[in-house]
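Hi,

Here is the model I promised to pass on.

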Amino acid sequence: MKPDFEQFKDIPGTTIFTIESAREGFHLNQFCMSLRDAKNRERFLADGPAYLAEWDMTDEQKQAVIDRDFQRMLDLGGNVYFLSKIFAAEGLSYVQAVSTMTDMNTEEYQQMMINGGRNIEGWRSKKERGEA
Amino acid sequence: MAKIVAGIATSHVPAVGHALDSGKTQDAYWKPMFDGYEFSKQWAKDNPADVAIIVYNDHASYFGMEIMPTFALGIADSFAICDEGYGPRPVPVVEGAPELATHLGASLIMDDFDMTILNVLEVDHGLTVPMSLMYGTPDKWPTKVIPLPVNVVMNPQPSGERCLALGKAIKRAVEQFEGDLKVEIWGTGGMSHQIQGARAGLINLPWDIQFMDDLINQPEVLQYKPHLEYMIEAGSEGVELIMWLIMRGALGDQVNEVYRFNHVPASNTSVGHLILTPKED
Ligand SMILES: [Fe+2]
């Protein structure tokens, strides 16, 4: 069957992690994976750039990590479960980290969740939203 | 002969594990969700099983990017608890069921399911949170476990048809095992949730409820739902729900709905939970 990754590009505000992303983000995701180890977490938090220098990541990927720009990390092949090791190292919850990718602050985002979450109406298609 | 006696579906949210492990289950935020599992904990006590085959996914906890098995099977004597970045959850080690697991692995491979066989596996919240929800906080888990990790993280994930068919093959394999075992099959993950991007926080409860209805009543139709629809309607992480199809496939044509529970939100997720039993014909 012929793969069709293009079909995912119309979903607004969403980055689907594919086998192609897995290739592009391999070293970024493996760096994240290294943070499973408490000793590595300590070293990374003490000196991020020095720790990142040990990894075969692109400069853009390293900068995105230093900036804690999770959307950029996703765009560069990161997967959110791997990226979660970065915010877990800093003691942040998923809600705290995930809200940074939206146009809300953490309190507003948390309140949206308590109110039943983001309503799907208007969020099905970039074309519908006039974004594509 | 061994027999599949029940199917359990439940979401597996990491924050639920934190709430359990830090004694927050009676907080105003969490209480309504944990209350929804009180029935299930009692049901599990009243209906003990020997082995639970737990279909779940690893969340970059044990598997890195070196190897991403589509379907895997843990055949070890026991499975340690992963450090997911916050330190391992303080829950008992998960005891395996190697005799049934080796039989199951062999049978599935001979049935053309190319399982990756795991002699070593550490399990994450995907497996342990459902166990905590069903069993509470015992010193030792009341059932042995065969972990069945599925790749739902990297697209392409296995198709819905393949998942339902795997469930059917599991049922056949269990019934061919000599030994009088009561076996449960668990499908975990979902329901609607998205934890990344500007659309994060998406919840689609009407879709979730329809999914439950279809899973119960017409899995043969549901199996053809394309992954794209899960991603649009239930969020990028909602595609985890294909694991519920594996559970459903192992229960046979008709099921009894013993229990159903929905709650929004747990962290970023729409929580859904089912207890089903096979309808004898
Ligand atoms: Fe999950």
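Two residues are in contact here when they have heavy atoms within 4.5 Å of each other. On that rule, 46 residues of chain A are in contact with 45 residues of chain B.

Before the rest, some housekeeping: this is a predicted model, in which local features need pLDDT of at least 70 and side-chain atom pairs count only at pLDDT 80 or more, while totals for chains, interfaces and linings use all residues. Residues are numbered from 1 along each chain as its sequence is written, chains are lettered from A and ligands numbered from 1 in the order in which they are written, and side-chain values use heavy atoms, with hydrogens and water left out.

Back to the interface. Chain A and chain B bury about 3,900 Å² between them, with 61% of it on carbon and sulfur atoms; buried area is the accessible area (1.4 Å probe) that two parts lose on being put together, summed over both. Three salt bridges cross this interface, taking a salt bridge as a side-chain nitrogen of Lys or Arg within 4 Å of a carboxyl oxygen of Asp or Glu. B:Glu122 forms a salt bridge with A:Arg36, where the closest N and O atoms are 3.1 Å apart.

On the side of chain A that touches chain B, the elements giving two or more residues are α1, α2 (26-34), α6, α7, α8 (94-99) and α9 (106-114) of chain A. Of these, α7(A) gives the most, with six residues. By class, that side has 27 nonpolar, 14 polar and five charged residues. (Ala, Val, Leu, Ile, Met, Phe, Trp, Tyr, Cys and Pro count as nonpolar, Asp, Glu, Lys and Arg as charged, and the others, Gly among them, as polar. Helices are DSSP runs of H or I with at least four residues, numbered from the N terminus.)

On a 1 Å grid over the protein atoms alone, a cavity is a set of points where a 1.4 Å probe fits but cannot get out, and a pocket is an open set with protein on both sides within 12 Å along at least five of seven lines; lining residues have an atom within 4 Å of a point. Grid points are joined across faces, edges and corners, and a volume is the space filled by probe spheres set on the points.

The largest pocket has a volume of about 590 Å³. Among its 35 lining residues, A:Thr14, A:Thr15, A:Ile16, A:Phe17 and A:Ser21 are the closest to its centre. The structure also holds one cavity of 30 Å³ or more.

Best wishes
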